[in-house]
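Hello,

Here is the structure I promised to pass on. My notes follow below it.

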Amino acid sequence: MQSLIQPRRNFLAVSGAGVLSATAVAVLAGRAAPAKAQTASMADVNILNVALGLEHEAIGAYELGAKSGLLQKPALDVAVLFQSHHKAHRDALAAAIASLGGKAVETKSLDDYAKALNAGTLKSQTDVLMLAARLELGATNAYLGVIPAFKDAKLGQVAARLAADETMHWTALSGTLSRALPATALSFGA
Amino acid sequence: MRRFACAGLLIAAITPVAAVAAGDGARGRELYETRCIGCHSIEADRIGPRHRGLIGRRAGSVAGFEYSPALRAATLVWDAATLDRWLTDPEATIPGQRMSYRVGAARDRADLIAYLTTAR
């Protein structure tokens, strides 16, 4: 698993309140959790589980797009690449939730995602890319919007890194769709 | 003088603690499309529950949606004031909730609420 947290020293130099976080952060970074983890912060677990649900849905959305027959190369390759990013996010979040003593939410069926995302209305490659861009922008803002709520500031930084990936996806998709870049600064989050 | 003081208390008792300014529903829709769409939609349950019919609905009451225990137990009914509190700080409004997404700017909250009010 690719490390989400570097350098290590910045995150393990923690106060007593941060010991719990070190467990989650270590897992997110692909390292073994400390042997004696403290009781998990359920508030942070809840936020991470919402994020995990979002990642499950993103994986499903790209799966629907890839299987639709509507995507042609190179857009198909990009969709598969972005789906792999979301799978890495999923794995990291699930491991972090487990390290905090929480239970990771399960993915839903592809049919459930198709219904929730109204995938039956997708008729062209542009439709698929527009849906993907919409979800990526929503994910960016979702991650940015929950950062202040984390009890552990280090998990807030993890959320910011996830948001950066989603922003990269949105930017690439917007370019493919020939959409203009944001006209003003600070257009994400708020 | 005491009569005026009592009148003042009565007015304070019947006046909402924090009135929510009238919002711009069109701008609220734009905000919804960028900020809420990651988890919600008007018509379908996704990571969060659907928003059609939100105003006047009891929190945690969409049939078939898997809420947190905190939301299921909540007695709060969604209106402009309760939504404003929720969007300002969900955890302070219903401790144990799962959303945690905050909308910091009062104008943004008012505009989002104005839009959600149209989704009856």
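**Helix packing, interface and backbone**

H4(A) and H7(A) are roughly antiparallel to each other, a label for angles over 145 degrees. Their axes come within 11 Å and cross at roughly 170°. The axes are lines fitted to C-alpha atoms over the stretch in contact, with angles running from 0 to 180 degrees between N-to-C directions. Helices are DSSP runs of H or I, at least four residues, numbered from the N terminus.

This is a predicted model: local features need pLDDT of at least 70, side-chain atom pairs count only at pLDDT 80 or more, and totals for chains, interfaces and linings use all residues. Residues are numbered from 1 along each chain as its sequence is written, and chains are lettered from A in the order in which they are written.

Residues of H4(A) that meet H7(A) include A:Phe82 and A:His85. Contact means C-beta atoms, placed from the backbone, within 7 Å.

Now the interface. Chain A puts in 22 residues and chain B 18 residues. On the chain A side, H6(A) gives the most, with nine residues.

- The peptide bond from A:Lys73 to A:Pro74 is cis, omega near 5°. A:Pro74 sits in the loop between H3 and H4 of chain A.
- A:Leu186 has phi near 55°. A:Leu186 is exposed, with 7 other C-beta atoms within 10 Å (exposed: 12 or fewer; buried: 20 or more).
- B:Ser100 has a positive phi of about 70°. B:Ser100 counts as buried, with 21 C-beta neighbours inside 10 Å.

Best wishes

Methods
Contact = placed C-beta atoms within 7 Å. Helix = DSSP H or I, 4+ residues; strand = E, 2+ residues; numbered from the N terminus. Parallel < 35°, antiparallel > 145°, perpendicular 65-115°, else oblique.
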